[in-house]
Amino acid sequence: MAETAMLRKRMSVSASESPEELRPPAWSFVPRAFAPLLVGTVVAGILYFFVQPAIGGFGSNLLLFAGINIILAVSLTIVNGFTGQFSIGHAGFMALGGYTAAAIVYYGSFKIYGDASFHGGLVSWTGRAGGFRGPLLGSGDLLFVGATVAGGIVAAAAGWLVGLPSLRLRGDYLAIVTLGFGEIVRVVLQGTDEQLRRYDLELIRSTPMLKLMNKLGGALGFIGIPAYSTVFWVYLWVAIMLIVAVRLKHSSYGRALLSIREDEIAAQAVGVNITRYKVRAFVLSSFFAGVAGALYALQIGSINAGELGFQRSFEILIMVVLGGLGSVSGATLAAIILTALPEVLRFVDQYRMIVYSLLLIIMMIVRPQGLFGVREAWDLFRRRRPRGGA
Amino acid sequence: MTQLIQTLTDGIAVGSLYALIALGYTLVYGILQFINFAHSDVFALGAWLSFTIATWFGLAAGSGATTPPWYIGLAVLALAMIGCGIVGFLIERLAYKPLRAAPRLNVLITAIGVSLLLENVGQLEGMFRGHHFKIFGPYPKAMPALIPDRVLLHFAAVQFRLVDAVVLGTALFLMVAIQWLVFRTRLGMAMRAVSFNHNSAALMGINVSRIISATFVLGSMLAAAAGFLYAMKYAQLKQTADNVWVLLGLKAFVAAVVGGIGNIRGAMLGGIFIGLIEFFGVAYLSDKYRDVYVFSLLIIVLLVRPSGILGKATVEKV
């Protein structure tokens, strides 16, 4: 009996036949995610406590940017790679999340502590090299984690609003809408009111939080945010992103997304509600883009919507395409390479975008599936001995 | 009242530019079903080529500069159109043609790549082995005046200027020409046949590849004309990688979608419509959110009538 159930599950019998007990309960992701999350936490801790002091300020900045880029690239992979939809406004979601988190942390700090500097840090160690490490695990970090999640949620809500009308349609409308959306976000954020500063403390205290959300510095950008994003937090989010993406890819949900990518009509014919799946994938992706934006804003301590335009979106897109449309490890690898590459190729900075664009064109013509295609890095070693079964 | 008429004339003049660019999008979309992202850069190229050619004729921007005879302007327009036509042909041959059988996503990504390439190559300026070279350079430039700055018509406080008349006249002429070309000539008939079905068209003895090339050349020439007219009207050219160009191109694409993508008359109608929406929004709501109106309209159209004003809803068959 158990065997038939297994067999049925493996062959994914249609919904009407599959008994309810075959479906894992909703909470079951907790134990399944727990072990990898533990590993992720340990890795993030190792990076924070041991690797970062060893590589110095410049190296750890690179490490942080690489982490943020990994989150961006992998989240875009969910839409562009898994689902085959073309989104090119990723930086817009990043900006939304970044500004939201920045405003919450900045004004929240004023409201709670009376100034916008670090607070807390149980294991804070600002040691020799000028404090590049930053504090960890204090009361301010709670604010920070809350703010990153809030940034993600705002971005996800925007993703839902943008995705719903454009993903109902087949074709490339999403590309245009997301591109336009990114521009609108930029225009709106650059049109916000002047940022309130330390000397406006009383005004900040007396103004409700929602009203402060319009005082984001306008074209000058939002500055002076306490930089809570340490290597630990960034890589914890990287771990969450990777777990979500890999789990998603190997779930029935992910297979539905891949089926949409391969052939929408066929997917619809086997009972995939394509609009719903596309919108959900898009919202998930927007959430993580928002989180990445929050991490970014709180890492460099400032955010400017002017820098989060088309070009940033394209850079993320290039990471996805280079790594392979649909490969989580590929996107990760490409994000790391493309973060380090400009540092190595400083002398050809003027030609960077030309090299990128040529790379994109040639890649599409010569190897359209990207470096890894849908495969993951670990699949490459497994190819010779395929597992039995379906 | 004055403001109404002024907004109306501005909206129609700019709208006719959008219409010209939108025609390029819609022609390519009708035949290959993909958004040619590089189109906005061909438009930028058209404007910059016009500038470069005008300087070849020894013209310069400035208050003391005299305006050249009328045929110089025409020559600049013609040369810019030819230049962009060649570029359009090359783009199709080198970047899109190898991907004819590839999934649509790949073609779209390639189009983005071509767009980035054009933008950044256009900005190049530097030294190479001791030689100074420059494409268009990384700085904005002022376009020399090709026609006298004259007010044709005073209506209350409304000014209808010669530039607007030239922009509108040229755009309308080109639109009529393209209408004639697509619906009254053998080439146009072949284009319509290819957009209907590649295989059937090929079986009827149409050289599909050549028709696709012709479509790209045609679209690029229209974009070049739009670029020329834009340069004449605004006289300030931002560097090629500036967002201005992409945004104008995007709005033109919105125009094509609003009018019904793949539909030539729809593109013209949509262009004028978008121009009016934009200028009325700026005049009566707020000029801070100029681009927001157009994209909001796009979202509304996608929600209410995704096939556009003149487009027919199509059912995709297996």
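1. Between chain A and chain B, the buried area (accessible area, taken with a 1.4 Å probe, that two parts lose on being put together, summed over both) comes to about 3900 Å², and carbon and sulfur atoms give 77% of that figure. On the side of chain A, the residues that lose the most area to chain B are A:D172, A:Y173 and A:I176, together 16% of what that side buries.

2. This is a predicted model, in which local features need pLDDT of at least 70 and side-chain atom pairs count only at pLDDT 80 or more, while totals for chains, interfaces and linings use all residues. Residues are numbered from 1 along each chain as its sequence is written, chains are lettered from A and ligands numbered from 1 in the order in which they are written, and side-chain values use heavy atoms, with hydrogens and water left out.

3. In terms of contact (heavy atoms within 4.5 Å), 42 residues of chain A and 45 residues of chain B take part. Zero salt bridges are found across this interface, the rule being a side-chain nitrogen of Lys or Arg within 4 Å of a carboxyl oxygen of Asp or Glu.

4. Chain A has 14 helices and zero strands, where helices are DSSP runs of H or I with at least four residues and strands are runs of E with at least two, numbered from the N terminus. Of the 390 residues of chain A, 53% count as buried, that is, under 20% relative accessible area with a 1.4 Å probe, protein chains only.

Terms used
Buried < 20%, exposed > 50% of the residue type's maximum accessible area, 1.4 Å probe, protein only.
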